[in-house]
Amino acid sequence: MTEAADATIMTRRLTTGVLLVMLMGLLVGVAAAARSESVEVRDRSGRLGLLSITVMDDGGAYIAPDHLAALLKGAWSVKGDRGTLTVNQRTVEFVRGQPRATVQGQAIALDAAARVVGTGWLVSRDFLGKGLPRLAPGVSIAAVTERKPVAKPVQGAVPLEELRYRSYPSFTRVVIETGVRLAYAVVASDEEVRVRLPGLSLSRPRVEEIGDGLVQEVRLESVGDAAVLRVLLESAAGEIKHTVLQDPYRLVLDVYRPKESTGGGEPGRGGMQPLRLIVLDAGHGGHDSGAMGPSGVMEKDVVLDVTRRVARMIEPGLGVKVVMSRDSDVFVPLRERTNFANKQGADLFVSIHANAHPQAVSEGVETYFLSSEASDNAARQVAATENNVVQLESPASRRQGDVLKSILWDLAQSEFQEESSFMAETVQDSMSKSLNLVSRGVKQAGFYVLGGAAMPAILIEIGFLTNRKEEKKLATPEHREALARAIYAGLAEYKRRYDQRLRTAQTQNPAPKGLPKR
Ligand SMILES: [Zn+2]
């Protein structure tokens with residue numbers, strides 16, 4: 001899950017204001033070899049494209065038949081629990097829940113049953129070896145070769161995959177994702193940072209309002225055969241860093257606030273600030289029901305109720321404002337949840353979930369903070385399950401994309417990891433003391449929902465819906481109230497200790513270096 005940076009350039013702004021860096025053909029070794037998570041589909045005339053392999057919690061490896069159909073210029077259609085992939089008038093049929101494929105009328109046994117995840121079908125990966133040759137003669141599958149030593153900038157039109165940004169306390173990050181590597185040139189002045197991307201073609205100009213006090217907005221528009229990204233500054237920037245990451249290729253541009261403004265000089269920034277706002281995030285919602293118990297209790301309903309209860313306790317009890325990322329049964333994309341918290345300038349982010357495990361005996365409460373290294377396999381699986389929803393959010397073309405890698409694309413949380421783990425311990429402690437439940441402890445894993453939070457953030461799993469006994473409890477208002485009270489008490493204790501540190505910091509140093517706040 002580590003990101004491989006193949007080029008990192010740090011650019012210091014010149015006082016005269018203009019600096020030009022060309023990265024044509026820049027070559028740097030790659031430190032980390034990524035796990036092979038795609039295979040290459042080829043025909044006799046060459047490469048058709050990459051097909052993602054999805055590894056599910058049960059260890060089974062799957063491919064998305066609609067994605068395969070697109071690569072083979074065929075068609076994928078679903079009728080009831082049957083899905084048919086047609087390529088050049090040859091067909092293969094899959095039946096949901098059945099571990100076989102019928103190619104041109106002939107049945108083939110597969111390692112795993114066809115399944116439907118969210119909106120998409122997944123079929124067993126071994127179909128590629130057992131059935132594909134009959135479906136599409138001449139098409140072959142090759143392992144993706146590891147990083148090529150020289151990544152050559154591509155000539156010709158390259159479409160934009162995604163433009164995104166995030167505001168952090170000390171910098172604003174703009175990411176331009178493209179299917180292939182692009183050359184680029186960065187020019188910085190007092191008013192803007194301009195990035196020229198020869199060969200990048202846009203279907204339309206893009207404008208993103210940011211307004212975070214540093215960057216006013218970003219604009220991406222076509223100029224001749226190139227695209228130009230303009231990052232319009234609201235105030236003078238400090239350092240500007242740009243990095244190219246791969247899988248998928250993306251240019252990451254970080255515009256830093258001037259050093260003096262992050263060191264405590266500017267009001268409301270720098271030193272420890274009192275806790276004013278907590279964003280409570282009830283997991284899932286809308287068409288994403290989350291985990292489901294054997295008798296049908298849904299995670300999205302349980303966690304919304306518990307979150308509401310916590311919210312009602314915090315405002316009067318702690319004198320801290322609470323905002324919920326959702327307060328009804330609606331779907332909120334994972335990235336939006338922390339974007340919302342960042343925009344609100346929240347001081348803490350607390351995401352509440354309920355757990356699921358294939359082994360029904362699993363029980364208890366656990367609290368997570370974000371890390372690229374999971375504490376153990378079980379933690380990794382919980383993160384994988386909670387991250388699954390990302391596949392429901394992305395456009396179809398990217399649905400099977402490399403979710404895990406993009407989860408930690410900005411890892412804002414590394415800045416807050418210590419504080420997050422401290423909050424996780426305090427809350428978990430409170431839950432294990434006051435609830436008659438198994439305490440599974442504090443763990444760390446790569447949760448997408450925590451990835452972009454520009455503040456200390458935790459994710460609480462309040463019990464296992466897959467455990468009949470816990471499901472029954474989680475359905476009762478009494479137990480939900482007790483859970484809410486325990487979470488509230490944990491946050492209250494965290495605030496008490498925080499306030500103590502705040503007082504110490506203020507008496508020792510009027511402008512201390514402490515928690516970055518905004
Ligand atoms: Zn969940």
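**Figure 1. Strand β28 is covered on both of its faces.** In this predicted model, V365, T367 and F369 on one side of β28 and E366, Y368 and L370 on the other are all buried. Side chains in a regular strand alternate between the two faces of the sheet. Six of the six residues of β28 (residues 365-370) are buried, so the strand is largely enclosed by the rest of the structure.

**Figure 2. Strand β28 pairs with β29 and with β30.** The pairing of β28 with strand β29 (residues 439-445) is parallel and comprises six bridges. Within this pairing, F369 has Q444 of β29 as its bridge partner. β28 and β30 run antiparallel and are joined by three bridges. Here T367 is the bridge partner of I460 in β30. Strands of a sheet pair through backbone hydrogen bonds, in either the parallel or the antiparallel sense.

**Figure 3. Helix α11 has buried residues covered by several strands and by α14.** The 18 residues of α11 reach 26 Å from the first C-alpha to the last, close to the 26 Å expected at 1.5 Å a residue. The buried residues of α11 are E419, S420, M423, A424, T426, V427, Q428, S430, M431 and S432. Their cover includes β27 (348-355), β28, β29, β30 and α14.

Figure 4. Helix α14 (residues 477-508) contains 32 residues and should span 46 Å at 1.5 Å a residue; its end C-alpha atoms are 46 Å apart, which agrees. Buried positions in α14 are R480, L483, A484, A486, I487, Y488, G490, L491, Y494, K495 and Y498. Among the elements that cover these buried residues are α5 (299-318), α11 (417-434) and β30 (457-464).

**Figure 5. The largest nonpolar core has 91 residues.** Within this core, L229, I458 and I487 have the most contacts. Helix α14 gives the most to the core, with eight residues. The core draws at least three residues from each of domain 1 (5-25 + 150-262) and domain 3 (277-508). A second, separate core has 23 residues, including V41, I63, L128 and A136.

**Figure 6. I458 is shown with the residues that it touches.** Leaving out residues up to four places away in sequence, I458 touches V350, T367, Y368, F369, S420, M423, A424 and V427. Of these residues, T367, Y368 and F369 are among the buried residues of β28, while S420, M423, A424 and V427 are among those buried in α11.

**Figure 7. Five strands, β7 to β11, form an open sheet.** The strand order is β7-β8-β9-β10-β11, and the pairing is antiparallel. β7 (75-79) and β11 (106-109) stand at the edges with a single partner strand each, so one side of each has no neighbour in the sheet. On average, neighbouring strands of this sheet are turned by 20° against each other, direction ignored. Strand β9 (residues 90-95) and strand β10 (residues 100-103) run antiparallel and are joined by three bridges. In this pair, F94 has A101 of β10 as its bridge partner.

**Figure 8. Strands β4, β3 and β14 form an open sheet.** These three strands lie in the order β4-β3-β14, with antiparallel pairing. β4 (46-52) and β14 (140-143) are at the edges, and each has a single partner strand, so one side of each is left without a neighbour in the sheet. Neighbouring strands here are turned by 35° against each other on average, direction ignored. Four bridges connect strand β3 (residues 38-43) with β14, and the two run antiparallel. Opposite V39 stands A143 of β14.

Figure 9. Apart from neighbours within four places in sequence, A226 is in contact with R196, L197, P198, G199 and L200. The C-alpha atoms of A226 and Y184 are separated by 9.7 Å, and the two residues are 42 residues apart along the chain.

**Figure 10. The protein chain is shown as context for the close-up views.** The chain has 14 helices and 30 strands. Of its 518 residues, 40% count as buried. Among contacts in the chain with a separation of 6 or more, 69% join residues 24 or more positions apart.

Terms used
Residues numbered from 1 in each chain as written. Predicted model: local features only at pLDDT ≥ 70, side-chain atom pairs only at ≥ 80, totals over all residues. Pairing = 2+ DSSP bridges. Axes fitted to C-alpha atoms, helices over the stretch in contact; angles between N-to-C directions. Expected span 1.5 Å × (residues − 1). Buried ≥ 20, exposed ≤ 12 C-beta atoms within 10 Å, placed from the backbone. Contact = placed C-beta atoms within 7 Å. Core = buried A, V, L, I, M, F, W, Y, C linked by C-beta atoms within 7 Å. Domains from an automatic or database assignment.
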